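Hello,

Here is the structure I promised to pass on to you. Have a look at it first, and my notes follow below.

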Amino acid sequence: MSPIASSAASTLNRTIRISSRKSQLALIQTYWVRDELQKHFPDMTFEVQTMETQGDKVLDVSLSKIGDKGLFTQELEDSMLQRETDFAVHSLKDLPTRLPEGLMLGCVTERENPADALVVHEKHKDKQIDTLPEGAVIGTSSLRRLAQLRHHYPHLTFKDIRGNLNTRLRKLDEGGYDAIILAAAGLKRLDMSDRIHQIIPSEISLHAVGQGALGIECRSGDDEILSLLKVLEHEPTAHRCYAERAFLRELEGGCQVPIGVNTTIVDGTLTLIGVVASLDGKRLVQDKIQGPVGEAEDLGTTLAKQLRQQGAQEILDEILAENRR
Ligand code: DPM
């Protein structure tokens, strides 16, 4: 048997184990990945193993307080490192920009609309974000959404909200909030696009790094898995997300941070806009950078350094100090 034939045969015999969180959205995403791979590799067996992460368990504490590193990913990562599973499907925005030793981002899938969406209580169905009344209560636990929206709409009130999408929508419908902000992509994947009342324009709020894309994490250099995942890679999304992740990595101070981005690619030129906002919404440090898609990560890093010099570092230091208290 030729070496190629034998390696293909060993792949055929193997069951590929995929790890996933248990939430409805996580499962929809993971099953999509599994079904796509099954279509491409009909003779292989794919098996999904679900697990609970710390982020799924701790529901009563503000996201920004329990913070950061691998909140929604660590248990999945441990199972890959222990070779109990072969790869993990994440919402890319929940995947830390620094991965544990031995793991890598193996694939980035085509992005859904990365924008945030306004979802309103029925009584505001004739309103938009800029016509909600004074004191209207907006539910979000994203510092990024809070800081940018507060900047544009200082008359609105912001209140923490946790739980999965269904829980949040229920809390809204029950009258606990006038409106909530959610990722359009999550609503779309859950087949709840009808709840999207308004797409928040990027001039008002830049989206989170990696928002709307799936990131598939696997063991570094696991060529067998990487060759399978290649069929799901969407290059333009990958370039955009690599630029966004390099930007965040360069700025990150170790807590959930009010950092937003926007990326586009036109004729091989990538444009990255980045913002760092103070929590009171009073200061926004925003700039943009352009260059060849092949230099995506350098562009992200360079823009981050520029923003630092323009005052972003001060804002991040303040938030870090606040979180340590
Ligand atoms: C991260 C944030 C939020 C999630 C912070 C942010 C939103 C938290 C909140 C890093 N992860 O966006 O600034 O609003 O209280 C999350 C969602 C999705 C992935 C839900 C959402 C679905 C969209 C996607 C939670 N993670 O943002 O509404 O796959 O990109």
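**Ligand site and a salt-bridge network**

In this predicted model, an oxygen atom of the ligand sits 2.7 Å from an N or O atom in the side chain of serine 142. Serine 141 also brings a polar side-chain atom to 2.4 Å from a ligand oxygen, and a polar backbone atom of glycine 212 is 2.8 Å from an oxygen atom of the ligand. On its own the ligand has 620 Å² of accessible area, and the protein covers 89% of that.

The ligand is surrounded by 20 residues, with Lys93, Asp94, Ser141, Ser142 and Arg145 the closest. By class, the shell is made of nine polar, six charged and five nonpolar residues. Domain 1 (3-109 + 212-233) and domain 2 (116-199) each give at least three residues to the shell. Among the elements that each supply at least two are α2 (24-40) and α6 (143-152).

Away from the ligand, I also looked at the charged pairs. The structure holds 19 salt bridges, and one network of them links Arg14, Arg17, Asp86, Arg219, Asp222 and Glu224. Arginine 14 pairs with aspartate 86, with the closest N and O atoms 3.5 Å apart. That pair joins the loop between α1 (3-13) and β1 (15-21) to the loop between α5 (74-81) and β3 (87-91), 72 residues apart. Aspartate 86 is buried at 0% relative accessible area, while arginine 14 is partly exposed at 24%.

Arginine 14 also meets glutamate 224 in a salt bridge (3.2 Å, N to O); glutamate 224 belongs to helix α9 (residues 223-229), 210 residues away in the chain.

Best wishes

Definitions and conventions: Residues numbered from 1 in each chain as written. Predicted model: local features only at pLDDT ≥ 70, side-chain atom pairs only at ≥ 80, totals over all residues. Heavy atoms only, no water. Near = heavy atom within 4 Å. Polar contact = N/O pair within 3.5 Å; in protein donor to acceptor, adjacent residues only side chain to side chain. Areas by Shrake-Rupley, 256 points an atom, 1.4 Å probe, with all protein chains shown as cover. Helix = DSSP H or I, 4+ residues; strand = E, 2+ residues; numbered from the N terminus. Nonpolar A, V, L, I, M, F, W, Y, C, P; charged D, E, K, R; others polar. Domains from an automatic or database assignment. Salt bridge = Lys/Arg side-chain N within 4 Å of Asp/Glu carboxyl O. Buried < 20%, exposed > 50% of the residue type's maximum accessible area, 1.4 Å probe, protein only.
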